[in-house]
Every structure is written in structure tokens, then in C-alpha cells.
Amino acid sequence: MYKPLKRNTPIATLIKNFINKKSGKVAESRNEIQRRFDHLDWKDQKKILMASLDSCMSDRSWAYKKLLRYWDKSFEAKVKEVWDKYHEPMCSWSIIRYFPVSYIKDNVESFTSKRDYYFICLRLAEDPNYVIDRKKLRTIDYLSVLFHTGRTISKEEADNLLFEVVHDMCVSGLSLLDFEDFDYDKGVFYLSNYRSIKLA
């Protein structure tokens, strides 16, 4: 009636089978490693992340997401090597967030994904001498950068930016999914409940 639970394979064995692509147990080991990853010792987590960065694209993508939470300077050389080889957009996330500012400044043109510049600004705009290229940011992202980096603007510019958000919202069309606190029973909505306007 009751079947005993399968005992966990030692993590060292799983890592070994995952790295050895001829083991015949790569997929099985990958699934078990990823399921248990958050609860493993740091030394094992580091081995797994390094091995995943040396693996196929899906394994690298999984590792890129984990690196955002488990970053350590010891990953820097490996991430740079992978970035230089593949230039995968998700790889840039950790670089922009954790690499030295000097590296980001020297390679800013390499980061071409849609929101890369926003995250670059969050790192660089804390320096009051850094000039934000306003044309590269959506209005709401520009306001977010100003807020998070402690920059100030005039009341007139603030009003103009708020009207830009309203204009963009009206031009692109309204979706009820973007409204907070929408009262379906009354069928009433207010522009002030629109997510972008609230943020602005």
C-alpha cells in the first residue's frame, strides 16, 4: 500500500553524472540538481553553476537566472568568457548588475537588449556626472532611474513627463489588465489606477 520514498542520490554523484555527457544520466541528474539547488551547500552550488555555464544553452539560461541571486566575484571570469563567446542577452544581466563599473562603461555598446540601458543607468547614474541618454529610455523607466539614483527634476519637467506617460498609454491602447483596483461590478475605472500612471 505504501511505497518507500526514493533516497536522494549524493549530490557529488549527480554533479559528476551531469558533467560527464557520456554518463547516460545527464538529464536525470540535471533535473535532480535543479530541484535541490536552493538547499545545497555553497561549495556544491558553485560547482553546479560553473558546470552549467560550461553546458548547453538551456543550462546556461538556468544558471544566468540563478547568478542574479547567488552572485560571487569568483564567477566573474567564467561569465566574461561565456559572454565573449555567446553574447546571450540573459548573460548580460549579471554583468550589468555585478561587474565593475569600469567594465560596463568600456563595453556599454555591447549591451543591446531592450532594457539593458535601463539597468546600466541604475548602476551608472548614481554618479552625478553621468549623462543619461533620455532617448534610450521609456518615460516610466527614466522616472524610475531618477528616483532610484536620487536625481531631481523641476516641477515643470515632472508634469511634462507625467503627461508623456498618459499620452503613450492613450496611443498604445488601454488594457483592463493594467488597471489596479478595477471595480468590475461598477464598471468604473480611473486613469489614476492605471499602473504606469501610479508609478509615474
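Trainee: In which hand, left-handed or right-handed, does H6 pass H8?

Mentor: H6 passes H8 in a right-handed crossing, a crossing being right-handed if the near helix is turned clockwise from the far one by less than a right angle, and left-handed if anticlockwise. This is a predicted model, in which local features need pLDDT of at least 70, side-chain atom pairs count only at pLDDT 80 or more, and totals for chains, interfaces and linings use all residues. Residues are numbered from 1 along each chain as its sequence is written, and side-chain values use heavy atoms, with hydrogens and water left out.

Trainee: What makes H6 roughly parallel to H8?

Mentor: The axes of H6 (residues 89-98) and H8 (residues 116-124) come within 9 Å and cross at roughly 20°. Since angles under 35 degrees count as roughly parallel, H6 is therefore roughly parallel to H8.

Trainee: Which residues of H6 meet H8?

Mentor: Ser92, Ile95, Ile96, Arg97 and Tyr98 in H6 meet Asp116, Phe119, Ile120 and Arg123 in H8, where contact means heavy atoms within 4.5 Å. By class, this contact has five nonpolar, one polar and three charged residues.

Trainee: How many helices and strands does the protein have?

Mentor: The protein has 11 helices and zero strands, these being DSSP runs (H or I, at least four residues, for helices; E, at least two, for strands).

Trainee: What share of the protein's residues is buried?

Mentor: Of its 200 residues, 38% are buried, that is, under 20% relative accessible area with a 1.4 Å probe and protein chains only.

Note on methods
Buried < 20%, exposed > 50% of the residue type's maximum accessible area, 1.4 Å probe, protein only. Axes fitted to C-alpha atoms, helices over the stretch in contact; angles between N-to-C directions. Parallel < 35°, antiparallel > 145°, perpendicular 65-115°, else oblique. Nonpolar A, V, L, I, M, F, W, Y, C, P; charged D, E, K, R; others polar.
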